[in-house]
Amino acid sequence: MPEPYDVITMGRIGVDLYPLDIGVPLARVETFGKFLGGSPTNVAVAAARLGRRTAVITRTGRDAFGEYLHQELQGFGVDDRWVTEVEEYPTPVTFCEIFPPDDFPLYFYRQPKAPDLEIHLPELDLDAVRDARIFWMTGTGLSAEPSRGATLAALRARSESPAREFRTATVFDLDWRPMFWDGGDHSAVAPARYREALAHATVAVGNIDECEIATGEREPHAAARALLATGMELAVVKQGPKGVLAVHRDGSTADVPPLPVEVVNGLGAGDAFGGALCHGLLAGWDIARIMRYANAAGAIVASRIACSSAMPFPDEVERALAEGAVTEDIAAGPSGAAS
């Protein structure tokens, strides 16, 4: 049997076009950087940076941006064998504005439909999904067919098969993006779709808004309890500047404050957190250590402009933890230049 992947993620991919001018409205920005983007794809990159064998299941357009994304994935060491082309739709692009410390509007161009929502069940390698040590999916993948059916089938392949000794977690990144759902913030179907997916996952990760969509609860401890009540082993509630709360069904709890950082761009911090969460779960760490490590990884990315290329290496995370903050030299990256 082929060696199982450490992490397989499934869902969104695209090109991030981020302004290199900080604090400038998009209408006045003159210079942009081009980066690999899409939350689950960035999680795969983040885990790969930490030494894990990763792959992503997604789709691009048959265009130059699609070619670029393959090049980037290969450069980051992420297996792109399940990144396929869709003839009908262009590769999505996403713009942002950067107003530190906490205002980073996103502008998604995913019309008439994003290729990553055209993942079909017959194309899935369910054996690889079933055997991966961690499988990571997101709420966005539930927003439209055929992606919804394929995502749920992948979840069922894991939850309904015999437990494997090397299988670590099935992670549902709640990833609430109302603009991708019919009805937006008032979508009538999203909560039901979330509950359907939660029944097959073992770990749930989300911020307060995302937890509310999944459980109806906004208070962090109540949201964690509600997630565990669906059958989760671990509920992770991200609280922004208040840090992160993690509650395991064995009763252990970690309420970890954020690591001090001068924020440049908060986008991508959650994906770095996700990759580090996978790394810690695979290492078998206790939840307090995992949360501290994941917080540090996210803080490092928040100190940099980019997302994918800003994902930290293990020595950077360890330095941030040892120093108790993301210092300027850590923010500058291994090369000594801003990432």
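The structure is a predicted model, in which local features need pLDDT of at least 70 and side-chain atom pairs count only at pLDDT 80 or more, while totals for chains, interfaces and linings use all residues. Residues are numbered from 1 along each chain as its sequence is written, and side-chain values use heavy atoms, with hydrogens and water left out.

The protein contains 11 helices and 14 strands; helices (H or I, at least four residues) and strands (E, at least two) are DSSP runs, numbered from the N terminus. Its C-alpha atoms fill a box of roughly 50 × 50 × 45 Å along the principal axes. Of the 339 residues, 60% are buried, where buried means under 20% relative accessible area (1.4 Å probe, protein chains only). The accessible surface comes to about 13,700 Å², and 50% of this belongs to carbon and sulfur atoms; accessible areas come from the Shrake-Rupley method with a 1.4 Å probe. Among contacts (heavy atoms within 4.5 Å) with a separation of 6 or more, 68% are between residues 24 or more positions apart.

Strand S9 (134–138) is mostly covered, with 5 of its 5 residues buried. Ile134, Trp136 and Thr138 are buried on one side, and Phe135 and Met137 are buried on the other. Two strands pair if DSSP finds at least two bridges between them. Strand S1 (residues 7–10) runs parallel to S9 and is joined to S9 by 3 bridges, with Ile8 having Phe135 as its bridge partner. S9 also pairs with S10 in the parallel sense, over 5 bridges, and here Phe135 stands opposite Thr170. Together, S9, H4 and S10 make a right-handed β-α-β unit. Right-handed means that, with the strands pointing away from the viewer, the path from the first strand over the helix to the second runs clockwise.

Helix H5 (residues 190–198) has Ala190, Tyr194, Ala197 and Leu198 as its buried residues. Seen down the axis of H5, these residues fall within an arc of 100°, so they line one face of the helix; the arc is that of the directions from the helix axis to the C-beta atoms. The cover over the buried residues of H5 includes S9, H4 (147–159), S10 (169–173), strand S11 (203–207), helix H6 (208–215) and helix H7 (220–229).

Notes
Buried means under 20% relative accessible area, exposed over 50%, partly exposed in between (1.4 Å probe, protein chains only).
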